[in-house]
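Reader: I have a structure to go through with you. Can we take it piece by piece?

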Amino acid sequence: MQIAIVLYDRFTALDAVGPYELLSRIPEADTIFVAEQPGPVRTDTGSLALVADRGFDEVRRPDIVVVPGGPGQTEQMTNPRLLDWLRRVDSTSTWTTSVCTGSLLLAAAGLLHGRGATSHWLALDELTELGAQPTSDRVVIDGKYVTAAGVSSGIDMGLTLLGRIAGHEHAMAIQLLTEYDPQPPYDAGSPAKAPAQMVENLRAGARFARASRS
């Protein structure tokens, strides 16, 4: 089973590495990082890079596709090489997945039209504009499409898919081995729980950023 994790300039590291840590533990999995060109690709911080093993032209029929989000996603929304590759590999994939704003790239490629999906909470309106049916659930499965909400939810997505493919017992064993037992020191991980003023400040910042790009 080949698992292809997409990289592009200024992706968010955990969006890619979270699912990698879980999905790479599928028995006999061949997990690769893929980008337009092989080589190092910088994350959104600029201080970390992951290495793409292969270019898009070399990866034709992955069983699982994982698309991370990140600030660099905006520039990729009109990148024909990426969008065409997503459409091409989706035609034969068993699972097409995303984390955070990676779902906007799937939607931009026309793969989520009319489908239930999720994304970072600040990007749900954009999913609607692209023809998807967004929800605020942490992980959404609609047919073979599996989308995860913001950044850390990619771990949940990976664990969910691991259970679907390798069985619940195997998934629970991997959860135990990775000691995935979240106990955050703050209860502000969603807009429903965080202080209202904090949520509004972040929404205002996101609206300004979108207006600046228009």
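Reader: Start with Glu28: buried or exposed?

Author: Bear in mind that this is a predicted model. Glu28 has a relative accessible area of 77%. The cut-off for exposed is over 50%, so Glu28 counts as exposed.

Reader: Where does Glu28 lie?

Author: In the loop between helix 1 (13-23) and strand 2 (30-35). The phi angle of Glu28 is near 65°, which is positive although the residue is not glycine.

Reader: What about Glu179, what is its phi?

Author: Phi of Glu179 is near 50°, again a positive value in a residue other than glycine. Glu179 sits in the loop between helix 7 and helix 8, and is exposed at 68% relative accessibility.

Reader: And Met172, where is that?

Author: Met172 belongs to helix 7, residues 168-177. Its relative accessibility is 54%, so Met172 counts as exposed.

Reader: Changing topic. Which residues of helix 3 are buried?

Author: In helix 3 (residues 80-90), these are Leu82, Leu83, Trp85, Leu86, Val89 and Asp90. Viewed down the helix axis, the buried residues fall within an arc of 160°, so they line one face of helix 3.

Reader: Why would residues a few places apart end up pointing the same way?

Author: An α-helix has 3.6 residues a turn, so residues three or four places apart point the same way.

Reader: What caps the N-terminal end of helix 3?

Author: Asn79 does: one of its side-chain oxygens is 3.0 Å from the backbone nitrogen of Arg81.

Reader: Back to Leu86. What is it in contact with?

Author: Beyond neighbours within four places in sequence, Leu86 is in contact with Val65, Val67, Leu105, Leu106, Ala109 and Leu111. Leu86 is also among the residues with the most contacts inside the largest nonpolar core, as are Val6, Leu7, Ile64, Trp85, Leu112 and Leu127.

Reader: How many residues has that largest core?

Author: The largest nonpolar core has 55 residues. In soluble globular proteins, nonpolar side chains tend to be buried together.

Reader: Past helix 3 there is Ser93. Is that buried or exposed?

Author: Ser93 is buried, with a relative accessible area of 8%. Its place is in the loop between helix 3 and strand 7 (95-99).

Reader: Which side chains does the Ser93 side chain pair with?

Author: There is a polar contact with the side chain of Thr96 at 2.7 Å, and one with the side chain of Lys144 at 3.0 Å. Not counting residues up to four places away in sequence, Ser93 touches Pro62, Asp63, Val65 and Lys144.

Reader: Another serine, Ser153. What does its side chain reach?

Author: The backbone oxygen of Ala149, at 2.8 Å. Ser153 is in helix 6 (residues 153-166), and with 0% relative accessibility Ser153 counts as buried. Setting aside neighbours within four places in sequence, Ser153 is in contact with Arg138, Val139 and Ala148.

Reader: Which elements give two or more residues to the lining?

Author: Helix 5 (124-129), helix 6 and helix 8 (196-213). Helix 8 gives the largest share, four residues.

Terms used:
Residues numbered from 1 in each chain as written. Predicted model: local features only at pLDDT ≥ 70, side-chain atom pairs only at ≥ 80, totals over all residues. Heavy atoms only, no water. Buried < 20%, exposed > 50% of the residue type's maximum accessible area, 1.4 Å probe, protein only. Arc of directions from axis to C-beta. Polar contact = N/O pair within 3.5 Å; in protein donor to acceptor, adjacent residues only side chain to side chain. Contact = heavy atoms within 4.5 Å. Core = buried A, V, L, I, M, F, W, Y, C linked by side-chain atoms within 4.5 Å.
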